[in-house]
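Visitor: I would like a close look at a single part of this protein. Please show me the model before we start.

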Amino acid sequence: MSFIWEGISAITWQQLVMYIVGAALIWVAIKKQYEPALLLPMGFGAILVNLPGSNAIDQTLPGVGEVHGIVSWLYETGIASSEALPLLLFIGIGAMIDFGPLLAKPSMFLFGAAAQFGIFTALLLAIALGFSLPDAASIGIIGAADGPTALLVSQVLNSNYIGAIAVAAYSYMALVPIVQPLAIKLVTTKKERCIRMSYESSAVSRRTRILFPILTTIIVGLVAPSSASLVGFLMFGNLIRECGVLQSLSETAQTILTNLVTLLLGITISFSMQAEAFVRLDTLFIMAIGLAAFIFDTIGGVLFAKLMNLFLKQKINPMVGAAGISAFPMASRVVQKIAQEEAPGNVILMHAAGANVAGQIASAVAGGLLIHLVTSFM
């Protein structure tokens, strides 16, 4: 019993806060089913690494010295030194994505770019609040609405806030169905939300589907070399899907690989959720900036669509611009749901899906550009 009491007495108030944070993440994952594959291991890991003297982190063994615990080892090998886990996850994401709607209507690329506005808004907010440039850029990438990109950028830039950034990025991705409708309605009228769009389905040839990931990787690699690995792994996953001769590997990438890496990523992120580094005022600022980034992403995409409508004869439903964020496929589903509620029978899903997959590419490119810009100034 004395050992139990010693353990309890060693718990700090910061660790108690992390137990509450961990429990909240687990509750959201199970009860609300928001990103359960990631939030549940993150929540459990937050509790695990904050147990006093937990050997999941570093520990000292008699006659051996200090050794890495399992969570510490996973973090060092999978994120800190190799970027392996986020990039492997991109293969699975790429294998899931159908770029057909985007290839059938390439103009949707513009919305993918416009909906990255929140990244740079968040970057400026973070700098204004006194964060260093690498940390500000890492916080800004929360606006990519893409967890693996946020993790990779913050790791490459050696941010001090990887844990808070990961929690913010994935939490707000899960809350897209709540955050986006509010932001959309803030800058649109009911009449605009009721705009109907025709969709002429044009078949995209197999050759085009195969060439697209190859050419995209080459073009992005030449224009923005810092984005090459992000975009390259995403496109490699898509090539596995579209080549037609690796069906079993495509299914493996979409299911087994994605699930396994997501599981490991969630528990690994908890390394940077240790109480002394996480329970700080800075964390609250990061959560607030992350929310602002998501809101401005949505607003940026919507306003760009409204700007285009000034010059178009056939108007675009501005909500399509909101689907340009990288949260796939949630953003396109949210946009379609609002369109259906505002005008029953209004189907803009294919346009929204095109913008949504464009956002996947745009967020990866934006992440690479941020890395390049920050390292250029350092």
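What percentage of the 378 residues in the protein chain do buried residues make up?

Guide: Buried residues make up 53% of the 378 residues in the protein chain. Keep in mind that this is a predicted model.

The chain holds 21 helices and two strands. Its radius of gyration is 21 Å, close to the 21 Å that the globule rule gives for 378 residues, so the chain is as compact as a globular protein of that length. Along the principal axes, the C-alpha atoms fill a box of roughly 75 × 45 × 45 Å. Take the contacts between residues at least 6 apart in sequence: 77% of them join residues at least 24 apart. The accessible surface comes to about 17,000 Å², and carbon and sulfur atoms account for 69% of it.

Now to α2. This helix runs over residues 13-32, which is 20 residues. From its first C-alpha to its last it reaches 28 Å, close to the 28 Å expected at 1.5 Å a residue. Six names matter on its buried side: Gln-15, Met-18, Tyr-19, Gly-22, Leu-25 and Ala-29. They cover an arc of only 130° around the axis, which puts them on the same side of α2. The spacing follows a general rule. An α-helix has 3.6 residues a turn, so residues three or four places apart point the same way. Turn to the other side of α2, and Trp-13, Ile-20 and Lys-31 are exposed. Just after the helix, Gln-33 takes a positive phi of about 55°.

What lies over the buried residues? Start with α17, where Ala-275 is found. At 2% relative accessibility, Ala-275 counts as buried, since the cut-off is under 20%. Leaving out residues up to four places away in sequence, Ala-275 touches Gln-14, Gln-15, Met-18 and Asn-50. Two of those names, Gln-15 and Met-18, are buried residues of α2.

Next comes α11. The largest nonpolar core has 105 residues. Its members with the most contacts inside it are Phe-99, Tyr-170, Leu-265, Met-273 and Ile-286. Helix α11 gives the most to this core, with 11 residues. Follow Leu-265 from there. Not counting residues up to four places away in sequence, it touches Leu-38, Ile-79, Leu-85, Pro-86, Leu-89, Leu-151 and Tyr-170.

The buried residues of α20 pack against α11, α12 (176-186), α13, α19 (319-322) and α21 (349-377). Those buried residues are Met-330, Ala-331, Ser-332, Val-334, Val-335, Gln-336, Ile-338, Ala-339 and Glu-342. Helix α20 has 13 residues, 330-342, and its end C-alpha atoms are 18 Å apart, which agrees with the 18 Å it should span at 1.5 Å a residue.

One last stop is Ile-195, in the loop between α13 (190-193) and α14 (206-223). Its C-alpha is 41 Å from that of Leu-265, and the two are 70 residues apart in sequence. Neighbours within four places aside, Ile-195 is in contact with Lys-315, Ile-316, Asn-317, Pro-318, Asn-346 and Ile-348.

Conventions: Residues are numbered from 1 along each chain as its sequence is written. This is a predicted model: local features need pLDDT of at least 70, side-chain atom pairs count only at pLDDT 80 or more; totals for chains, interfaces and linings use all residues. Side-chain values use heavy atoms; hydrogens and water are left out. Helices (H or I, at least four residues) and strands (E, at least two) are DSSP runs, numbered from the N terminus. The expected span of a helix is 1.5 Å times one less than its number of residues. Buried means under 20% relative accessible area, exposed over 50%, partly exposed in between (1.4 Å probe, protein chains only). The arc is that of the directions from the helix axis to the C-beta atoms. The radius of gyration is taken over C-alpha atoms; the globule rule is 2.2 Å times the number of residues to the power 0.38. Contact means heavy atoms within 4.5 Å. Accessible areas come from the Shrake-Rupley method with a 1.4 Å probe; for residues, only the protein chains shown count as cover. A nonpolar core is a set of buried Ala, Val, Leu, Ile, Met, Phe, Trp, Tyr and Cys residues joined through side-chain atoms within 4.5 Å.
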